[in-house]
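The sequence and structure come first, and the description follows.

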Amino acid sequence: MDFTVIIDNLPLYLSGLRVTIELLILALLCGFVLALPLGVAAASRRATVNAFPRGFIYFMRGTPLLAQVYLIYHGFAQFDFLRESMLWAVFKEAYWCALIGFSLNTAGYTAEIIRGAIAQTPRGEIEAARACGMRPGVALRRVILPSALRRALPAYGNEVIFMLHGTVIAGVITLVDLFGAAKIVNSRHFVPFESFIAAGFFYLCLTFLIVWLFKGAERKWHAHLRPRAA
Amino acid sequence: MKQFNATVFAAMLFAAMLTAATAPAVHAQKWKEIRIGVEGAYPPFSSITESGQLVGFDIDIAWELCKTIGAECALVPQDWDGIIPALLARKYDAIIASMSITEERKKKVAFSNKYYHTPARFVRKKGSGVSISKAGLAGKSVGVQRATTHDNFITGEFGDTVTVKRYGTQDEAYLDLVAGRVDLLIADSVAIDDGFLSTDQGAGFEFVGPSYTDPKYFGEGAGVAIRKRDADLVALFNDAIRTIRANGRYKAINDKYFDFDIYGE
């Protein structure tokens with residue numbers, strides 16, 4: 001056991017940590033923006049509206065993240081017309097490929113979480129909104145979504161942690177994220193245990209932070225569910 | 001009585017553990033069976049055919065050395081990244097995977113004498129005009145297989161001016177060179193020539209710059225890597241390499257892949 005190697009390579013790990021956090025936050029932001037309309041549309045009872053979002057969700061949940069990122073990174077690079085188009089500026093960079101893959105993947109899962117939460121809205125809330133004279137759009141914005149997103153919170157916390165662990169795939173397509181840093185340290189010094197346990201430690205810390213943030217969010221937005229203080 | 005039984009049981013258990021601990025060691029010294037770790041993504045030295053067969057110079061050399069030693073062999077494909085840790089973890093007994101004999105690796109494993117030695121070179125897209133110098137490489141991106149002598153070389157010599165992109169296998173690095181994600185690639189010249197330039201994929205690419213053999217980075221050539229405690233196996237491989245060099249078997253395998261002797265000097 002030789003942890004001096006880890007200490008010596010701490011800057012590499014920290015720069016990897018930055019890439020991991022950056023990718024995670026950007027992917028979650030883009031993913032959520034995509035997921036909101038997709039989830040609402042998927043919850044619709046009209047087949048013309050829900051067909052595409054449900055197909056998208058099915059595809060994203062039905063294929064492994066690694067396969068999706070490989071498809072975008074290696075797969076798209078195979079087509080000459082893409083390589084000669086303006087789009088290549090984006091697909092050339094491993095960073096953008098990873099971000100696109102992660103965003104679409106988390107969008108699929110998040111949309112399904114939102115769809116499920118909307119489907120579980122108590123009928124009484126919707127009826128009350130109608131009785132107040134709200135049009136469907138207004139009811140969605142004022143009643144259904146606030147209620148559904150609250151219910152979705154614990155499941156979404158899970159998705160964020162899964163996405164964090166999914167970002168290791170960045171390390172497979174030449175990016176030096178936390179996992180990529182661990183692979184470099186391992187390959188230079190042949191210390192697989194130390195290098196990967198160190199990466200694992202950072203992931204644990206990040207997970208702890210995420211869990212803590214969601215606990216705070218639940219305390220705030222689930223306040224109405226707590227027993228009243230005496 | 002109960003106490004006595006427990007003591008007898010403990011003694012028996014101890015004896016059983018002793019036998020279990022010593023038995024494989026005695027067996028291992030005879031080297032009737034050798035498991036060899038190979039890579040499988042480094043043509044023409046080792047690759048996997050469409051039917052899943054391991055082929056290449058390293059593979060042929062591995063079988064020939066085994067035959068010469070007179071041992072029963074099994075080849076175990078293993079990703080390059082974990083190839084030394086897996087040797088230390090006893091997943092196999094030797095590595096024959098074009099592994100250069102370097103000081104850094106010698107800290108962890110023992111090496112046989114070299115079984116070939118070829119220089120490293122850069123490759124670029126024809127007409128890209130990239131030249132090999134500190135100034136010419138400034139701002140360029142260079143692909144390399146992670147944890148290789150070439151990785152050490154490019155990081156050590158040009159790491160401050162170029163962006164180094166590291167890949168798990170040589171094949172992935174070729175993919176990104178073709179895709180235009182890296183400007184240059186550095187790797188073993190023979191591997192590039194046979195595994196890339198002479199394929200359809202490699203048409204339109206060419207060597208650039210000098211041949212590099214600096215022992216500081218590239219070591220003394222490729223050898224068989226073996227756990228340090230298995231000094232007897234190192235000796236067996238050294239004898240076997242000498243034998244196949246002398247009896248023409250090496251030349252037969254060499255000529256199957258190359259039009260010159262890659263053993264070096």
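## Domains and interfaces

Chain B is divided into domain 1 (31-117 + 220-257) and domain 2 (120-218), with bounds that come from an automatic or database domain assignment. This is a predicted model, in which local features need pLDDT of at least 70 and side-chain atom pairs count only at pLDDT 80 or more, while totals for chains, interfaces and linings use all residues. Residues are numbered from 1 along each chain as its sequence is written, chains are lettered from A and ligands numbered from 1 in the order in which they are written, and side-chain values use heavy atoms, with hydrogens and water left out.

Taken over C-alpha atoms, the centres of domain 1 and domain 2 of chain B are separated by 25 Å. Between these domains, 15 residues of domain 1 of chain B are in contact with 17 residues of domain 2 of chain B, where contact means heavy atoms within 4.5 Å. The size of an interface is often given as the accessible area lost when the parts come together. Buried area is here the accessible area (1.4 Å probe) that two parts lose on being put together, summed over both.

Of the area that domain 1 of chain B buries against domain 2 of chain B, B:Tyr42, B:Pro43 and B:Trp80 supply 34%, more than any other three residues. The count between the two domains of chain B is 1 salt bridge, a term that stands for a side-chain nitrogen of Lys or Arg within 4 Å of a carboxyl oxygen of Asp or Glu. A salt bridge joins the side chains of B:Arg146 and B:Asp81, at 3.2 Å from N to O.

B:Arg146 is also listed at the interface with the other chain: together with B:Arg166 and B:Arg181, B:Arg146 supplies 32% of the area that chain B buries against chain A, more than any other three residues. Between chain B and chain A, however, the count is 0 salt bridges.

## Secondary structure

In chain B, 3 strands form an open antiparallel sheet in the order S2-S3-S4, where two strands pair if DSSP finds at least two bridges between them. Its edge strands, each pairing on one side only, are strand S2 (41-42) and strand S4 (54-55) of chain B. Strand S3 (residues 46-48) of chain B is joined to S4(B) by 2 bridges, and B:Ile48 stands opposite B:Leu54 in S4(B).

Chain A, by contrast, has 11 helices and 0 strands, and its C-alpha trace spans about 70 × 60 × 25 Å along its principal axes.

Key:
Helix = DSSP H or I, 4+ residues; strand = E, 2+ residues; numbered from the N terminus.
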